[in-house]
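Biologist: I'm new to this one. Could you walk me through it, feature by feature?

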Amino acid sequence: MKQRLSILGSTGSIGRQSLEVIAALGLSVGALTAHRSGALLEEQARAFRPELVVLTDEHAARDLAVRLGDTPIRVASGREGLLEAATLEGVDAVLTAVVGAAGLEPTLAAIAAGKDIALANKETLVCAGALVTAAAREKGVRLLPVDSEHSAIFQCLQGCARPREEVRRILLTASGGPFYGMDRSALERVTPQEALRHPNWSMGAKITIDSATMMNKGFEVMEAMWLYDLPLEKIEVVIHRESVVHSLVEFQDGAVLAQLGAPDMRLPIQYALTWPERVPGPAATLDLLSCPKLTFSPPDRENFPCLELAREAARQGGVAPAALNGANEVAVALFLEGRLGFYDIPRLCAAALAAAPKVAEPTLEDILAADAGARARALEMV
Ligand code: NAD
Ligand code: MG
């Protein structure tokens, strides 16, 4: 079991639930980081007494340093601060819960410093799966999944103990989000407020919109490819409205293993920290007798084009997924601000994918350039 952790993005949905798990398990905290939520970070710092806290926003960090003046806790800021938090000595794992491609460089830094990664920030693997998994292999560090579907697969694969050839396919379950069953003409008119009302999970705004467009599931397909070293064809998506079966693995002999549980992220977060051990924790228990009827259906690829866009990016490889992700981050932010319609999200993403340069084995610089290029192009299109 991990003993001392740093959390990148501790004020977010995953970050806050991670601290609940850490408190319940009695683990200690090395560093906590956030973007600009100083008040909550101060509260967390006083409760968990880390060595270092970081706000990427310089102004908010100066303010926090004054407020924490009566404690020995060090306050840092900016990109450097985030990298320091990712590599802090005496910490055995870093939980990456920042949102977006902003998580990529700190995750690579943490791996280079030999830290195991409890990975929530899926955009890291979407943008740079080859680089990140190669770095982890080289350093002998583990990428432990926090995403509920990937944790389910991890559990079915017994922590990767079995050879990959035994896997016939992976079935990633998807709730379908708030707009499941709607057609294009209805989807054209949905508002950010409606999109933010996820039926089963309470999450950060960005991933909630990604769930509504199904881009989230497309990203999770890529995340599974990298985490479990499987080709795209072996990863399928099935709609499961109830979010009780968190994903399934079908083996060569036809056996299908699944992991079931209440929709509660604290369980996959905890397993990433305690693996291979299982201990009591704060997650809700599944009551089979009162849980809804479990249903399964195929995804609607026509009305939710983001799923196929992500698969196409995975097929193209190179910097295509990073370009797709960059455009998606811009499009989602603009949709949330009310400046774009729901269907503009796939429109901007498709354009980014079409314009993505072909780079066979991209370096970090290639990936960051593709990300920046896609963001600029998406903004120009608006
Ligand atoms: P969130 O928006 O609630 O929290 C994001 C955190 O990152 C906050 O602490 C914020 O201060 C920080 N942050 C935001 N922008 C930043 C930047 N540019 N630089 C540094 N820090 C920044 O997000 P969330 O829902 O907790 O999701 C975090 C990650 O976990 C995402 O990659 C998401 O896809 C993944 N994930 C989330 C859930 C969930 O249930 N929320 C489930 C599976 C995977
Ligand atoms: Mg998920």
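Biologist: Let's start with S243: is S243 buried or exposed?

Modeller: Buried means under 20% relative accessible area, exposed means over 50%, and partly exposed is in between, using a 1.4 Å probe and protein chains only. S243 has a relative accessible area of 6%, so S243 is buried. S243 sits in the loop between β9 and β10, and its phi is near 50°, a positive value in a residue other than glycine.

Biologist: Before we go on, what kind of model is this, and how are things numbered?

Modeller: It's a predicted model, where local features need pLDDT of at least 70, side-chain atom pairs count only at pLDDT 80 or more, and totals for chains, interfaces and linings use all residues. Residues are numbered from 1 along each chain as its sequence is written, chains are lettered from A and ligands numbered from 1 in the order in which they are written, and side-chain values use heavy atoms, with hydrogens and water left out.

Biologist: What about A331, buried or exposed?

Modeller: A331 is buried, at 0%. You'll find A331 in helix α14 (residues 320–336). Leaving out residues up to four places away in sequence, A331 touches L340, I345 and L348, where contact means heavy atoms within 4.5 Å.

Biologist: How do I read a sheet?

Modeller: Strands of a sheet pair through backbone hydrogen bonds, either parallel or antiparallel. Two strands count as paired if DSSP finds at least two bridges between them. Here, one open sheet has seven strands in the order β4-β3-β2-β1-β5-β6-β7, with parallel pairing. The edge strands, β4 (74–77) and β7 (143–145), each pair on one side only. From one strand to the next, the twist averages 20°.

Biologist: How many bridges join β5 and β6?

Modeller: Four: strand β5 (residues 93–96) and strand β6 (residues 116–119) pair in the parallel sense. In that pair, L95 stands opposite A118 of β6. Strand β2 (residues 28–34) and β3 also pair in the parallel sense, over four bridges, with L52 in β3 as the bridge partner of A31.

Biologist: Where do the side chains of a strand point?

Modeller: In a regular strand the side chains alternate between the two faces of the sheet. Take strand β3 (residues 52–55): L52 and V54 point one way, V53 and L55 point the other way, and all are buried.

Biologist: What is the strand order of the four-stranded sheet?

Modeller: That open sheet runs β9-β8-β10-β11, with mixed pairing. β9 (235–239) and β11 (256–260) are at the edges with a single partner strand each, so one side of each is left without a neighbour in the sheet. Strand β10 (residues 245–251) pairs with β11 in the antiparallel sense over five bridges, and L248 stands opposite A258 in β11.

Biologist: And how do I describe packed helices?

Modeller: Two packed helices are described by the angle between their axes and the distance between the axes. Axes are lines fitted to C-alpha atoms, for helices over the stretch in contact, and angles run from 0 to 180 degrees between N-to-C directions. Helix α1 (residues 13–25) packs with helix α12 (residues 266–274) at about 55°, their axes 9 Å apart. That makes α1 oblique to α12; angles under 35 degrees count as roughly parallel, over 145 as roughly antiparallel, 65 to 115 as roughly perpendicular and the rest as oblique. The contact involves several residues, including I14 and V21 of α1 and I269 and L273 of α12.

Biologist: Which bond joins W275 and P276?

Modeller: A cis peptide bond, with omega about 0°. P276 lies in the loop between α12 and α13 (306–316).

Technical notes:
Helix = DSSP H or I, 4+ residues; strand = E, 2+ residues; numbered from the N terminus.
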